[in-house]
Amino acid sequence: MLDSAVVLMRKRCQRNLERAMKASDVLISGLGAFLPDRVPMEWAVERGLIDPAAAAEYGITSVTVAGDIPAPEMAVRASRQALERAGQNPASLSLLLYVSVWYQGPHGWCPQYYVQRHTGAGRATAAEVRQGCMGMFSALELAAGHLMASADHEAALVTSGDNFTSDLLERWRFSPHFVMGDAGSAVVLSRREGFARLKSVNAVTLPEYESMHRGPEPLFPPGAGRPGRLDFGDSKDRWLDGPDRDPAGPLRLVAAQDELVSRTLDEAGITMADVTRVAYANGSRERVEGRAMVPLGLPMSLSTWEQGRTVGHIGASDQVVALEQLLLCGELRRGDHFLMLGVGPGLNIACAVIEIVGTPHWSAARPANAA
């Protein structure tokens, strides 16, 4: 019995080592972000769009609002910036993954092909990843696996765009602790060169929480065809009062996140003491501190909340934009480790570790006379 357990443990360790080694071969060569104009929280309070007490409690100062700029157009702008910064020929991309959270455009229309067309990435296999606000993690994992699958796969583009201006959602109060902002983001992954290394990425799903964000509505007809607005606060309250509620919910979530983070750090070959900064979903200070920093045993000063509070919860782009902004300002340098932690309806939890191995030419940390 003991021998079997040892063999099983060795196999698991070997799988983890192999996976970590594979992830370590994938580099980030370009990052891009498109952030529309910021709207102050005071503006929303004055117009009765959010309760003043909630606004004060959240600590969010502004959110980005795109107006009538389509979500895929924001993704295109971020992608062009990422490709230019990477010096990457779009025609040599072998994969393009488009991560979406909210509605993207006309029914029956695929946004990934719009990005493909307007970036010149016509030779890439293009697909949409729809996994809520942690979709970027899954897209990074899929893209990394794609690059490792063949020596012919040189580079991949992962991008996201969301515009939450909609009659189907009240961006200022659709969910407790979150105010929705609009943005586009993009990551170029490469097998050949880059300023950062994707050390590890993992996710875990707790499907018993599937109905938490669904509410009482039927599965058919689809919600987009019916009147009414998305209200995660209401659906969560109904779930907590209903038969599907998990009495051990908070403990189960904490345990799942702890195991996920530990596994991701182990695969990356680091400990929590090696983590330089942490990016979580852009929510209230209470949510970021209580769900991320306290469980990780880290101070809020290592979080990206100060940046996130100025843009709001920008869908799947929170962590990528935080990384881009830190590098742009020169706050991350060679040898630093950036931990990304995310959560989405489903219930999904995801974690990734990125190591900075160089200084991108567009960073403020780059010396002016550097070659």
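Let's start in a loop: Pro221 sits between strand 8 (196-205) and helix 7 (232-241). Helices (H or I, at least four residues) and strands (E, at least two) are DSSP runs, numbered from the N terminus. The peptide bond that joins Phe220 and Pro221 is cis, with omega about 0 degrees.

Before going on, a word on what you're looking at: this is a predicted model, in which local features need pLDDT of at least 70 and side-chain atom pairs count only at pLDDT 80 or more, while totals for chains, interfaces and linings use all residues. Residues are numbered from 1 along each chain as its sequence is written, and side-chain values use heavy atoms, with hydrogens and water left out.

Most residues other than glycine have a negative phi, and most peptide bonds are trans. A cis bond also runs from Gly346 to Leu347, with omega near 0 degrees. Leu347 belongs to the loop between strand 10 (337-344) and strand 11 (348-356).

Then there's His177, which isn't a glycine but still has a positive phi of about 80 degrees. You'll find His177 in the loop between strand 6 and strand 7. Is His177 buried or exposed? His177 is buried, at a relative accessible area of 12%. Here buried means under 20% relative accessible area, exposed means over 50%, and partly exposed is in between (1.4 Å probe, protein chains only).

## The whole protein

Stepping back, the protein has eleven helices and eleven strands. Of its 371 residues, 52% are buried. The accessible surface comes to about 17000 Å², and carbon and sulfur atoms account for 53% of that. (Accessible areas come from the Shrake-Rupley method with a 1.4 Å probe; for residues, only the protein chains shown count as cover.)

How does the chain meet itself? A contact means heavy atoms within 4.5 Å. Among contacts with a separation of 6 or more, 78% are between residues 24 or more positions apart.

## Inside the protein

A nonpolar core is a set of buried Ala, Val, Leu, Ile, Met, Phe, Trp, Tyr and Cys residues joined through side-chain atoms within 4.5 Å. The largest one here has 38 residues, and Leu31, Phe338 and Ile354 have the most contacts inside it. Helix 6 (residues 135-149) supplies the largest share of this core, seven residues. A second, separate core of 28 residues includes Leu260, Leu265, Ala268 and Val278.

Leaving aside neighbours within four places in sequence, Phe338 is in contact with a list of residues including Gln319, Ala322, Leu323 and Leu326. Those names come up again in helix 11 (residues 318-328), where the buried residues include Gln319, Ala322, Leu323 and Leu326. Nine of the eleven residues of helix 11 are buried, so the helix is largely enclosed by the rest of the structure. Just after helix 11, Gly330 takes a positive phi of about 80 degrees.

Phe164 is buried, with a relative accessible area of 2%. Setting aside neighbours within four places in sequence, the contacts of Phe164 include Val101, Trp102, Met180 and His313. Ile314 is 150 residues away along the chain, but the C-alpha atoms of Phe164 and Ile314 are separated by 8.9 Å.

Next, look for Arg287 in helix 9 (residues 285-296). Arg287 is buried yet has no salt bridge, and the nearest side chain of opposite charge, Glu286, is 6.6 Å away. For charge, Lys and Arg count as positive and Asp and Glu as negative, while His and the chain ends are not counted.

## Charged pairs

Side chains of opposite charge can pair when their charged atoms come close. A salt bridge is a side-chain nitrogen of Lys or Arg within 4 Å of a carboxyl oxygen of Asp or Glu, and this structure holds twelve. One of them pairs Arg192 with Glu154 (3.5 Å, N to O). These partners link distant parts of the chain: Arg192 is in the loop between strand 7 and strand 8, and Glu154 is in the loop between helix 6 and strand 6, 38 residues apart. Arg192 is exposed, at 61% relative accessible area.

Arg252 and Glu208 also meet in a salt bridge (3.8 Å, N to O). Arg252 lies in helix 8 (residues 249-268) and Glu208 in the loop between strand 8 and helix 7, 44 residues apart. Arg252 is partly exposed at 36%, and Glu208 is partly exposed at 37%.
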